[in-house]
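Here are a few notes from my pass through the coordinates. Have them open beside the text as you read.

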Amino acid sequence: MENSEGVKIESTVVTEEPLISALDIALFVVIITVAYFWYFKRDKQSSSSEKKPYTIQPSSLSSIEQTSNSSFIKKLKSTGRSLVVFYGSQTGTAEEFAGRIAKEGARYKMKGMVADPEECDMADLVEMKEIQKSLAIFCIATYGEGDPTDNAMDFYEWLQNGDADLEGLNYAVFGLGNKTYEHYNEIAIYIDQRLEELGATRVHEIGLGDDDANIEDDFVSWKEKLWESVCSHYGIEETGEESNIRQYKLVDCSEVLPERIFSGEISRLKSYENQRFPFDVKNPYLSKIAVNRELHKSGDRSCMHIEFDIDGSKMRYDTGDHVAVYPKNSSELVDKIGELLNADLDAVFSLLNTDEESSKKHPFPCPCTYRTALTYYLDITSNPRTHIMKELIEYASDPKDQEKLKLMASSTPEGKKEFHEWILRDNRNIVHILEDLPSVKPDLDHLCELLPRLQCRYYSISSSPKVYPKSIHITAVLVNYTTPTNRVNKGVATNLLAQLIPTNDELPQPTIPIYIRRSQFRLPPKSQTPIIMIGPGTGLAPFRGFIQERDYARKEGREIGEMVLYFGCRKKDEDFIYENELQEYVANGTLTKLHLAFSRDQPEKKYVTHLLEQNADELWNIIGEKSGHLYVCGDARSMAKDVHSIIVKVVMEKGQMTNSQALNYVKKMEQQKRYSADVWS
């Protein structure tokens, strides 16, 4: 016979033994136990690796330090602070406002700190009452269809799902929104109300900033009244004029080894040389430009069709998603700043936070050269805000320049008028200011601290992954315009893209960093559901992807529902983009109807909204009688609002409803994702 290892043994005792010995049983149990733990441990690890979100942690932080950093209460207590300003920011503006409030706290004997809610344990808010005369301020942006910013999502969900007792918490909220969107400041309003429901005390009424008008003016006006309320609530007085205290200190990095110097990477050093999946906002993919062709047939404007190569990147997108493009400033503007300030742009430097407790050690990746900072990290083309005017005063040697800056930095009616006319109306950026006020010579490192971060640009993806799994298409109008001072301002991203022309030879192809941002702008789950698409100009972009996807389904033999497209442009012979493609989809039956409006091909302007009004029966047939879906993409300021009004009117008339009933019907369509908008202002 054989033992469990298969070795033959001889028996010298002639007795009957059991078929399975105790040793056999013991070995069998051991084998089964080992196999069980090996299998389930491997399965658990596999599952964990699939579900764990990808994050980039600063290499200098240990796990212990990261844990302690999540407790903002400990930081407040250990550093004798009583003011914490949280920000929910998608583009950096809310973070900038938060920093300004925290800095001003010193004038009211409230030492402040700025905090990212994503990096904090927000349940610690219940302990704020333990700090004497404490105050929590929230600068919260709303974006998309009434969504929280990415870094405020966890906090928003905590407020929704939790029932913490926040009695003793003193707070104030400033919202950043845009009135052209339906869900204006929805997140800030919710947070303000929810904090009160949980027992917190509102020290000052909510501020609602409108980016479609003058959000800087809204913020400054609210901030001034905020401090009045703070003084009244706590029985304190302003200590005097605010001094321009630097948040970051300059560090000379001329001795740093070249391989330790950032050269445009967003977060991880050498990330463009050593690409690692997954790719996101802090870890973009360096994509090759596969196609860059002109869509306009004639005229003085340009519209580009660009295809980003994502083959081998493991990136996946859905029809309706957005692609984020990381631009860089023109070398002409960067060189001009160096010339105006007589600065060595190739000097290597770092800006280190003077607040040792801050989780944000640098304002952008450091160390780097000034040229790199001005090219990749800093916004040098937008209109500077009033706090920058204030900081520039000390660098003006001419009294006239000083007075002009002081006026624009003030909150007087005259100051606001001057800022609006000289900065906003005349569309001056920091380069123009330094040119027009020649005695203003700020230290370049201080200017780098003051300027906001250069933000990525989002474009609706104009392709379907079913048809183009290895590339992402966008449709972008080249932005160039002349300002009232006769300067030509150029769109940062589109002018960069216009230069990235792929070649047919062996030379390296042009590249640009990108990542995919998920969207709720989706086709109906069932391909048979009829849809109406309204997209004038580049608003056509996502619908090109929609049509491609339905065409793919049709070719597979699946039934597809009606597809009606409303498209408009200026002139048929100039800017009718993707004309041949659209006509082909009409011919093969994928596109049921194509309604076209060419606004300047006849004496009277003709827009897609006019066609919608004319086709009320067709509109109601699809969205009313057939429960179809309606999509709008394009300008939020006028077109999308006009479309909404027309839809309500059609529902009233064709659905035989009152105005309130029609509004409720349309609202329900939005809640059911049957009425979706992808708009911009």
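1. Let's start just past H6. Gly199 sits there with a positive phi of about 105°. Bear in mind for this and everything below that the model is predicted.

2. H6 itself covers residues 186-197, and its length checks out.

3. Which residues of H6 are buried? They are Ile187, Ala188, Ile191, Asp192, Arg194 and Leu195, so Asp192 and Arg194 count as buried under the 20% relative accessible area cut-off. As for the spacing, an α-helix has 3.6 residues a turn, so residues three or four places apart point the same way.

4. What do those buried H6 residues pack against? The list has strands S3 (135-143), S4 (147-148), S5 (170-177) and S6 (201-202), along with helix H5 (153-161).

5. Now the helix pair H4 (residues 93-104) and H7 (residues 215-234): they pack at an angle of about 30°, with axes 12 Å apart. Angles under 35 degrees count as roughly parallel, so that is what H4 and H7 are to each other. Their crossing is right-handed.

6. On the H4 side, the residues in contact are Phe97, Arg100, Ile101 and Glu104. They meet a set in H7 that includes Phe219, Trp222 and Trp227, as well as Glu216 and Lys223.

7. Last, cysteines. Searching the whole structure turns up 0 disulfides. Cys120 is buried, at a relative accessible area of 15%, and Cys303 is buried too, at 1%.

Note on methods. Residues numbered from 1 in each chain as written. Predicted model: local features only at pLDDT ≥ 70, side-chain atom pairs only at ≥ 80, totals over all residues. Heavy atoms only, no water. Helix = DSSP H or I, 4+ residues; strand = E, 2+ residues; numbered from the N terminus. Expected span 1.5 Å × (residues − 1). Buried < 20%, exposed > 50% of the residue type's maximum accessible area, 1.4 Å probe, protein only. Contact = heavy atoms within 4.5 Å. Disulfide = S-S within 2.5 Å. Axes fitted to C-alpha atoms, helices over the stretch in contact; angles between N-to-C directions. Parallel < 35°, antiparallel > 145°, perpendicular 65-115°, else oblique. Left-handed = near helix turned anticlockwise from the far one by under 90°.
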